[in-house]
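Q: I have a chain open here and would like to talk through how it is put together. Could we go over it piece by piece?

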Amino acid sequence: MQFPLTVIDQLDEEQLRKWDNFYGVTADRPRYQEEGIWRRTQQEETADNSGWTGAGDARRRIIHYRHQFGLVDTTGAPALAMTELYVYHSVAAPHDEIHEAWEQNHLMLAEGGWKEMGPGRWELGDLRVHMIRMEEHPEDVRASRKLPAGYEVIDTTFTSVNAFPPKAIRRRPWEVLTHGVRVKDTPGKPIYADNLAQLTDFLPFQVEVGCGVSYEAGIPPLHRLHEIYRVNEIEDEELGKGFTFVLSPGRDPFLEELIRNTEDKVLELSEMYRSCFNAEVTPALHALKRLETAGHMVGPFITNNFDALGARAGFREEFMRRYDQRIPPVTLHPEAKALVVIGLHADRRQVARRAREAGLKVFIVDPEGFPRPDGTWFEYPLEGPQDGDVVVRQTAATAIGELERLLEHGTDSE
């Protein structure tokens with residue numbers, strides 16, 4: 001397993017400009033790192049998905065990844081490569097389960113061709129693994145958090161050679177853990193409309209986008225990362241419905257894939273970044289830019305997306321997705337009368353809340369689902385629309401395209 005690992009070979013001139021302008025260190029907001037955190041805990045609030053039955057159930061699984069990408073020289077044009085890999089995996093469970101996992105992990109490392117370099121340390125080419133077993137985790141001690149008697153913890157850290165984030169970065173998943181379980185919003189009674197015609201009474205508007213816009217550009221939805229990092233186990237694979245948390249340390253598919261089939265799995269870990277880089281600006285984003293130029297829309301362009309599609313469409317982006325604060329600051333334009341939220345679910349809901357508090361009308365564009373590769377429909381209901389919000393069950397391409405035509409030709413043009 002050698003690093004750097006080529007992700008896209010021999011970039012053309014347009015791709016090189018894209019890297020310099022929107023992703024690399026010379027960009028206004030560099031995006032050469034990709035990061036994600038998941039924590040799954042067994043407790044009363046998560047009983048449906050974690051199997052919690054009482055105080056003795058406190059299994060926990062944390063995954064934190066932070067990969068770095070860059071340009072590397074090749075015999076032809078420069079290539080885009082994963083230059084650094086960092087994956088942190090921590091699991092807490094009763095002693096017997098931890099002992100089983102500890103033995104199983106050692107067996108998998110031997111079968112995967114990893115070379116033992118000392119107590120708890122292995123190498124496979126340019127990759128390193130450090131695995132430690134403990135009765136009490138230092139971060140639990142620090143937070144005065146107690147696991148049940150008889151519980152133990154295994155921490156497993158994968159890094160490419162000479163890659164190791166600073167301590168403040170490594171502590172991020174534990175800071176997220178202290179926030180507790182995300183509490184779902186209680187939906188109100190929004191108004192369901194066929195299109196955004198009502199928005200014409202609330203101009204100019206501001207926009208917040210989520211992964212719906214990215215999905216239209218061919219970027220996989222967030223649940224694809226859940227699949228890659230094996231965050232959940234789908235109960236009905238055929239229907240894609242229902243899930244439970246992966247909490248059994250001795251049967252962890254992500255660790256097994258990364259240890260036993262390392263090169264293929266690492267290449268899969270670069271899938272989302274590669275998709276973002278290859279994606280093109282969508283018709284909906286181009287339409288929004290024309291609406292901004294016409295004065296119907298005002299900025300900044302509020303985004304929860306890493307992909308830079310908003311910036312590439314010409315918007316001044318204000319990025320919301322952060323780990324260091326639960327309610328990020330947001331700039332609401334003083335002239336804005338409405339906020340249009342496009343393709344955004346779940347935990348990214350504070351912008352709409354602040355917009356309501358500021359007196360803005362909230363419009364939500366979301367089909368509340370998406371087609372699976374086999375053509376069936378995956379339902380994904382909104383959880384946060386409130387009284388007075390207007391929900392349009394359309395894709396961004398359809399809703400924004402119709403809005404642009406409406407504003408261009410007027411309500412009587414039909």
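Predicted model: local features only at pLDDT ≥ 70, side-chain atom pairs only at ≥ 80, totals over all residues.

Q: Why do they alternate?
A: In a regular strand the side chains alternate between the two faces of the sheet.

Q: Which strand is joined to strand 7 by three bridges?
A: That is strand 6, residues 115-118, which runs antiparallel to strand 7, and in this pairing Lys 115 stands opposite Glu 123. Strand 6 and strand 7 form a hairpin with two residues between them, and Gly 120 in the turn has a positive phi of about 75°.

Q: And what about strand 8, how many bridges there?
A: Strand 7 and strand 8, the latter covering residues 127-134, pair in the antiparallel sense over four bridges, with Glu 123 standing opposite Arg 128 of strand 8. These strands also make a hairpin with two residues between them, in which Gly 125 takes a positive phi near 65°.

Q: Let's step back to the whole chain. How many helices and strands does the chain have?
A: The chain has 15 helices and 20 strands, and its C-alpha trace spans about 75 × 60 × 40 Å along the principal axes.

Q: What is the radius of gyration, and what would a compact globule have?
A: The chain has a radius of gyration of 23 Å, and this agrees with the value near 22 Å that a compact globule of 414 residues would have.

Q: What share of the residues is buried?
A: Buried residues make up 50% of the 414 in the chain. As for the accessible surface, it comes to about 19900 Å², of which 49% belongs to carbon and sulfur atoms.

Q: How far apart are the mean positions of the positive and negative charges?
A: The mean positions of the 48 positive and 68 negative charges are 5 Å apart.

Q: And the contacts, what percentage join residues at least 24 apart?
A: Taking the contacts between residues at least 6 apart in sequence, 73% of them join residues at least 24 apart.

Q: Give me an example from a strand. Where does Ala 79 lie?
A: Ala 79 lies in strand 4. At 0% relative accessibility it counts as buried, because the cut-off for buried is under 20%. Ala 79 and Ile 8 are 71 residues apart in sequence, yet their C-alpha atoms are 5.8 Å apart in space. Leaving out residues up to four places away in sequence, Ala 79 touches several residues, including Thr 6, Ile 8, Gly 70 and Val 72.

Q: Which strands pair with strand 4?
A: Strand 1, residues 5-8, pairs with strand 4, residues 79-84, in the antiparallel sense over three bridges, and Thr 6 has Ala 81 as its bridge partner. Strand 3, residues 60-72, also pairs with strand 4 in the antiparallel sense, over five bridges, and there the partner of Gln 68 is Glu 84. Strand 3 and strand 4 form a hairpin with six residues between them.

Q: Now one from a helix. Is Leu 258 buried or exposed?
A: Leu 258, which sits in helix 9, residues 253-260, is buried, with a relative accessible area of 1%. Its C-alpha atom is separated by 9.1 Å from that of Gly 112, a residue 146 places away along the chain. Beyond its neighbours within four places in sequence, Leu 258 is in contact with Val 87, Trp 114, Phe 158, Lys 265, Val 266 and Leu 269.

Q: Changing topic to the backbone: which residues does a cis peptide bond with omega of about 0° join?
A: That bond joins Leu 203 and Pro 204, and Pro 204 lies in the loop between strand 10 and strand 11. The peptide bond from Gly 299 to Pro 300 is also cis, with omega near 5°, and Pro 300 lies in the loop between helix 12 and strand 14.

Q: What is the phi of Asn 162, then?
A: Phi of Asn 162 is near 65°, a positive value in a residue other than glycine; this residue is in the loop between strand 9 and helix 5 and is exposed, with a relative accessible area of 77%. Gln 10 has a positive phi too, near 50°, and lies in the loop between strand 1 and helix 1, where at 42% relative accessibility it counts as partly exposed.

Notes. Residues numbered from 1 in each chain as written. Heavy atoms only, no water. Rg over C-alpha atoms; globule rule 2.2 N^0.38 Å. Buried < 20%, exposed > 50% of the residue type's maximum accessible area, 1.4 Å probe, protein only. Contact = heavy atoms within 4.5 Å. Areas by Shrake-Rupley, 256 points an atom, 1.4 Å probe, with all protein chains shown as cover. Lys, Arg positive; Asp, Glu negative; His and termini not counted. Charge placed at Lys NZ, Arg CZ, Asp CG, Glu CD. Pairing = 2+ DSSP bridges.
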